[in-house]
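Here are a few friendly notes to read alongside the coordinates.

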Amino acid sequence: MADETVLTPDLGFIKSLKGAGAETMKKCYQCATCSVICPLSPDDNPFPRKEMIMAQWGLKDDLANNPDIWLCHNCNDCSKYCPRGAGPGDVLSALRKIAIQENAFPKGLGKILGEPKMIWLALLIPAIIFMIAMKIKTGYFFQIPEGEVVFSKFFPISLVDTIFVPIALLVTISFVVSIGRFWKSLNKNPYKLMASGTILSGLIATIKEIVSHSKFDKCDANKDRVWAHRLVLFGFVGLFITTNWAVFNLYGLNWESPYPLNDPDAVAIFGSEAAAGLYRGVFKLTGNASAAILLIGSIMMFANRVKDKGFSSVSSSFDWTLAIMVFAVCVTGILSEVLRLANAASLAYPMYFAHLIVVFYIIAYLPFSKLAHMVYRTTAITYAKMANRDVV
Amino acid sequence: MSDDNKAILVVGGGISGITTAVEAAEAGYNTIIVERNPYLGGRVAQLNRYFPKLCPPYCGLEMNFRRIKTNPKITVYTMSELESVSGSEGNFTARIRKNPRLVNEKCTACDKCVEVCPVERPNEFNFGLDKTKAIYMPHEMSFPMRYVIDKNVCTGSSCAKCVEACKYNAIDLDMKTDSVEVNVGSIVFATGWNPYNAENMDNLGFGKIQNVVTNMMMERLSAPNGPTKGKILRPSDNKEVKNIAFVQCAGSRDENHLIHCSAICCMASLKQATYIREKAPDSNVSIYYIDLRAPGKYETFLKKVDEDENVKMIKGKVAKIEEDSATGDPVLTVEDVEGGGKIHQTVDMVVLATGMEPSLKAGAAPGVKVEENGFISLNGQSGGVYSTGVAKSPGDVTTSLQDATGAALKSIQSVVRR
């Protein structure tokens, strides 16, 4: 037969999917309620019905390169209406985890660091790196400095730069490689989505959509998640701006934390201590407000996960790890600040150390963690817009 | 066999209960039918035609009513409910509550009372598609052939126009609830089913969109004695229905609604497709299904309907129905699983193939163990207690009749072996 198709199910993949929160996927009997209920599913080749059977058949390669799993915003309207309790929302969520691991570069590292049980190793690595760096720079592995709490006395800024700048570079390279591959596979995927339009216009439309959360807002069953996600996103964006602002303060203005107002460089630039104080106030407000927004958002995320929504939805350890890390980075950061202001040296420095470890975890493992969704999803939505697969 | 034998109590006077009672009585045993409605015949009486011969239900029911009328061994209590049961196999005491009909056996069905009655009520026999007066005949072949007054809407002795109009003194507005105690050897539950409440499926629009009806409403719309006299006219504007869609598994095989397959809805929709195809040669029918289930010999019927070019069968469950507010047309959305895209179809009327919800609720009926899902299993019942028909498991009329005959034998054994 000429039109015969041979499927090679990947049984290991089916098992790993079930482990990642898709235990229920085999219950699906292909009624396609989900594809109709989903407010984000296009008319042509809708999801998630087809993903359910592809998952049952173990078609790993097709699924890892499927843009549709990223168009899903996990609102779980499908799971609520599913007549079989097959949880398409959870299955797609598990598929995204596997897609991140499959597309990650280097792939092996993705598998190791993506596993929540490896979290202790993943946290130990930065701790060791930091201690070795401190030993080289200050002569001590872990020494709490005397006098007023100034974090750069404990962990010099130069160390932050020498560790985090290369890490950020590696993360960027990793994403360039894996997204390059992902983009290529989108163009030859079995649904023949021929891209049209320019990447730039697609990307701009996508970013507008992300900022407004307009897709996410179509969710019904899980509406509460929209605000939680919004706050966490804006919190992170605010902190990203603050960080870059701090870099500018240091290298552009030559003004170093904790930004004393009598600093001659600062006074020279701003003209007076009062003007410098105003500038510092706005800067600090940005940082603190962002931290507060992130804290509220991450607490809401926890609350939504444990809340009974009248239908079962699985939060995998992959989800929990990210939620915990976001919460941890927020709490350690805020506590570091509070303890520093209280001048509680014996607590402030270890807290700052813990904060650095969590920051390292979030940044360095970005391509392998759930947070990588921001890159994959942005890519997939951009592609969907170009392929006219977007539901407005 | 002797007359010392205890009677057999049959709870439910639908086709299964009637069959059990008639079969046992014709074998020589006293039987008692307790029926909640004011008439016998149950759900079958509401059908337009039924399998396997697609004849109107009256041909089967009429025959059974004649067997009941001529057999002194059968006692019928309509408008009655089983109140309590005690005892054990071979010796049960059952208390039956008889709700007042307000019309006695002198009624000749002359219709004079209806002419004068000023109060109207939705006709539940036709699923509210039309109205009756507060005093009414449940349907034209009611058994017993006697009027009944809906106490909930009748204004009582302050009106009493019907009492004046009745020449036979057949109306007694002061009739009280009565009860009777019977001694029986076995009890057969033939309590049947109700159509699943389609309003529970909020995505299918029933109750909000007038032209979305259930399959049982479709039977009434097609029946010559129905609200439209057998013309299939849609509720919103009485337009003749030419373009119709059937939504299979509407509430069945669904964890959020009825977890079971209701067994008959596929055949019911195929049958109803023929109603509309016979009435309007230029009509179009779409049947949306998850799996089409045509057990046994019904396969032939499925093939016959499938050969009709104007009947399309599409794999995919309809999960959204909206209304075109200008025309009142329902617009349904479904993924065509075999075609790979969503379909948005505008039709004159949508029929939801709603399933069978067993009449009893778990733990709510005296003398019998009802399972969590509402069905009555033969397993785990105390001796002498049986179930038959849809009360036991969803099924069509043919299967129910065979099962009811078996239940008659079981109930006789319980009476005889003591």
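How many residues does the contact take from chain B and from chain A?

1. The contact takes 17 residues from chain B and 17 residues from chain A. Please keep in mind that this is a predicted model.

2. On the side of chain B that touches chain A, strand 17 (330–336) and strand 18 (341–346) each supply at least two residues. Strand 17 of chain B gives the largest share of that side, three residues.

3. Within chain A, have a look at helix 16 (residues 317–341) and helix 17 (residues 345–364): their axes come within 8 Å and cross at roughly 150°. Angles over 145 degrees count as roughly antiparallel, so helix 16 of chain A is roughly antiparallel to helix 17 of chain A. The crossing of helix 16 of chain A with helix 17 of chain A is left-handed.

4. Among the residues making that helix contact are M325(A), V329(A), L335(A) and L339(A) of helix 16 of chain A, together with L347(A), M351(A), V358(A) and I362(A) of helix 17 of chain A. The residues of this contact comprise 14 nonpolar, four polar and one charged.

5. Over in chain B, strand 1 (residues 7–11) and strand 2 run parallel and are joined by four bridges. L9(B) has I32(B) of strand 2 as its bridge partner.

6. Strand 2 (residues 31–34) of chain B is covered on both faces. T31(B) and I33(B) lie on one side, I32(B) and V34(B) on the other, and all are buried.

Technical notes
Residues numbered from 1 in each chain as written. Chains lettered and ligands numbered in written order. Predicted model: local features only at pLDDT ≥ 70, side-chain atom pairs only at ≥ 80, totals over all residues. Axes fitted to C-alpha atoms, helices over the stretch in contact; angles between N-to-C directions. Parallel < 35°, antiparallel > 145°, perpendicular 65-115°, else oblique. Left-handed = near helix turned anticlockwise from the far one by under 90°. Contact = placed C-beta atoms within 7 Å. Nonpolar A, V, L, I, M, F, W, Y, C, P; charged D, E, K, R; others polar. Buried ≥ 20, exposed ≤ 12 C-beta atoms within 10 Å, placed from the backbone. Pairing = 2+ DSSP bridges.
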